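Here are my notes on the model you sent over, in numbered points. Have the structure open while you read.

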Amino acid sequence: MEKYICTVCGYIYDEAVGDPDNGVAAGTKFEDLPGDWVCPLCGVPTSDFEKQ
C-alpha cells in the first residue's frame with residue numbers, strides 16, 4: 001500500500017489506514033478516494049498530494 005503527502009500541510013494519507021474519521025475505509029487506494037474527499041487538516045483536494 002502507498003502513502004501520499006499533502007504538499008500544503010504535510011498530512012499523510014496512508015492507504016493501509018484510510019481516513020475512517022471521514023468515511024474512507026482502510027485499504028482504500030488513493031485513486032479510489034471519493035471525488036469530494038479533501039485533506040482532513042487543510043481542505044485541499046487530492047491534486048495537492050504527492051506519492052511518498
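1. A cut-off to start with: a residue is called buried when its relative accessible area is under 20%, exposed when that area is over 50%, and partly exposed in between. Aspartate 14 has a relative accessible area of 18%, so it goes down as buried. Bear in mind throughout that this is a predicted model.

2. On the overall fold, there's not much secondary structure to list: three strands and zero helices. Going along the sequence, the pattern reads β-β-β. The C-alpha trace spans about 25 × 20 × 15 Å along its principal axes. For 52 residues, a compact globule would have a radius of gyration near 10 Å, and the protein agrees with that, at 10 Å.

3. Some totals for the whole protein. Of its 52 residues, 31% count as buried. The accessible surface comes to about 3200 Å², with 48% of that belonging to carbon and sulfur atoms. If you take the contacts with a separation of 6 or more, 43% of them are between residues 24 or more positions apart.

4. Which residues make up the largest nonpolar core? There are eleven: Tyr4, Cys6, Tyr11, Tyr13, Val24, Phe30, Leu33, Trp37, Cys39, Val44 and Phe49. Have a look at phenylalanine 49 in particular. Setting aside residues up to four places away in sequence, phenylalanine 49 touches Tyr4, Ile5, Cys6, Tyr11, Tyr13, Phe30, Trp37, Cys39 and Val44.

5. Now the rings. A search of the whole structure turns up six aromatic pairs. One of them joins tyrosine 13 and phenylalanine 30, a tilted pair at 6.0 Å centre to centre with 55 degrees between the planes. That pair links distant parts of the chain, since tyrosine 13 sits in strand β2 and phenylalanine 30 in the loop between β2 and β3, 17 residues apart. Both tyrosine 13 and phenylalanine 30 are buried.

6. Phenylalanine 30 also pairs with phenylalanine 49, again tilted, at 5.6 Å centre to centre and 50 degrees between the planes. Here the loop between β2 and β3 supplies phenylalanine 30 and strand β3 supplies phenylalanine 49, so the pair ties together parts 19 residues apart in sequence. Phenylalanine 49 is buried, as is phenylalanine 30. Taken together, ring pairs link Tyr4, Tyr11, Tyr13, Phe30, Trp37 and Phe49 into a cluster.

7. How many salt bridges does a search of the whole structure find? It finds two. In one, the side chains of glutamate 2 and lysine 51 meet at 3.8 Å, N to O. Glutamate 2 is in the segment before β1 (3-6) and lysine 51 is in strand β3 (residues 49-51), so this bridge ties together parts that are 49 residues apart in sequence.

8. Strand β2 (residues 12-14) holds aspartate 14 and strand β1 holds lysine 3, so the bridge ties together parts that are eleven residues apart in sequence. Lysine 3 counts as partly exposed, at 39% relative accessibility, whereas aspartate 14 is buried. Not counting residues up to four places away in sequence, aspartate 14 touches Glu2 and Lys3.

9. Last one: is valine 24 buried or exposed? Its relative accessibility is 4%, so valine 24 counts as buried. Valine 24 lies in the loop between β2 and β3 and is one of the residues in the largest nonpolar core. Beyond its neighbours within four places in sequence, valine 24 is in contact with Tyr13, Gly18, Asp19, Leu33, Pro34 and Trp37. Threonine 7, on the other hand, is 17 residues from valine 24 along the chain, and their C-alpha atoms are separated by 20 Å.

Terms used:
Residues numbered from 1 in each chain as written. Predicted model: local features only at pLDDT ≥ 70, side-chain atom pairs only at ≥ 80, totals over all residues. Heavy atoms only, no water. Helix = DSSP H or I, 4+ residues; strand = E, 2+ residues; numbered from the N terminus. Rg over C-alpha atoms; globule rule 2.2 N^0.38 Å. Buried < 20%, exposed > 50% of the residue type's maximum accessible area, 1.4 Å probe, protein only. Contact = heavy atoms within 4.5 Å. Areas by Shrake-Rupley, 256 points an atom, 1.4 Å probe, with all protein chains shown as cover. Core = buried A, V, L, I, M, F, W, Y, C linked by side-chain atoms within 4.5 Å. Salt bridge = Lys/Arg side-chain N within 4 Å of Asp/Glu carboxyl O. Phe/Tyr/Trp six-rings, centres within 6.5 Å; stacked < 30°, edge-to-face > 60°.
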